[in-house]
Amino acid sequence: MKKFILLMTTVLLGFSVSLVGAAEIEVKMLNKDADDNKMVFEPMLIMAEKGDTVTFLPTEKGHMAASMKGMLPEGIKKFKGKINKKISVVVSEDGLYGIKCTPHFANGMVAIIAVGDFNPDGFLDGKKIPKKSKKRMEEMLAQLAN
Ligand SMILES: [Cu+2]
């Protein structure tokens, strides 16, 4: 019984911490996902709350995560991870964050972090983005517009 109470306390504590505190979100960097999509962040569209930490994991070799030029909310500094290293980003401002894996940008390896209050309209305007990446970003933005 004591053990059970201890367990329940731990569970409840963990639950309340997750309610109050910021979340930790993990994103895998993959050569191929379960649906056979190549060069992908998983998830590709990352829904987060202000203050959460998003960590990109080098699950498979050869990847990194970097912010895309001009595609961060105001007040967020650009960032660039190293290949085969994990990188964490605290999403402390509302808005959309464009993310790419530089070596696989042409292969469509992009992600979007969407935080709080954001506007998907015009996010890609005037940006130079390779075809495959652009297509994936357009699909994600269409999802966000719904
Ligand atoms: Cu990559």
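How many bridges join E1 to E2, and do these strands run parallel or antiparallel? Four bridges join E1 to E2, and the two strands run antiparallel. The model described here is predicted.

**The hairpin of E1 and E2**
- Five residues lie between the strands of this hairpin, where Asp-36 has a positive phi near 75 degrees.
- Met-29 has Phe-41, in E2, as its bridge partner.

**The largest nonpolar core**
- This core has 29 residues.
- Phe-41, Ile-46, Tyr-97, Ile-99, Ala-111, Ile-112 and Ile-113 have the most contacts inside the core.
- At least two core residues come from each of strand E1 (24–32), strand E2 (38–42), strand E4 (53–57), strand E7 (95–100), strand E8 (110–115) and helix H2 (131–145).
- E8 gives the most to this core, six residues.
- In soluble globular proteins, nonpolar side chains tend to be buried together.
- Leaving out residues up to four places away in sequence, Phe-41 touches Val-27, Met-29, Ile-99, Met-109 and Ala-111.

**Phe-79 and its surroundings**
- Phe-79 sits in the loop that runs between strand E5 (66–67) and strand E6 (87–90).
- Phe-79 counts as partly exposed because it has 15 C-beta neighbours inside 10 Å, while a buried residue needs 20 or more and an exposed one has 12 or fewer.
- Residues up to four places away in sequence aside, Phe-79 touches Ala-66, Ser-67, Ile-87 and Val-89.
- Ala-66 is 13 residues from Phe-79 along the chain, and their C-alpha atoms are separated by 5.5 Å.

Technical notes: Residues numbered from 1 in each chain as written. Predicted model: local features only at pLDDT ≥ 70, side-chain atom pairs only at ≥ 80, totals over all residues. Contact = placed C-beta atoms within 7 Å. Core = buried A, V, L, I, M, F, W, Y, C linked by C-beta atoms within 7 Å. Pairing = 2+ DSSP bridges.
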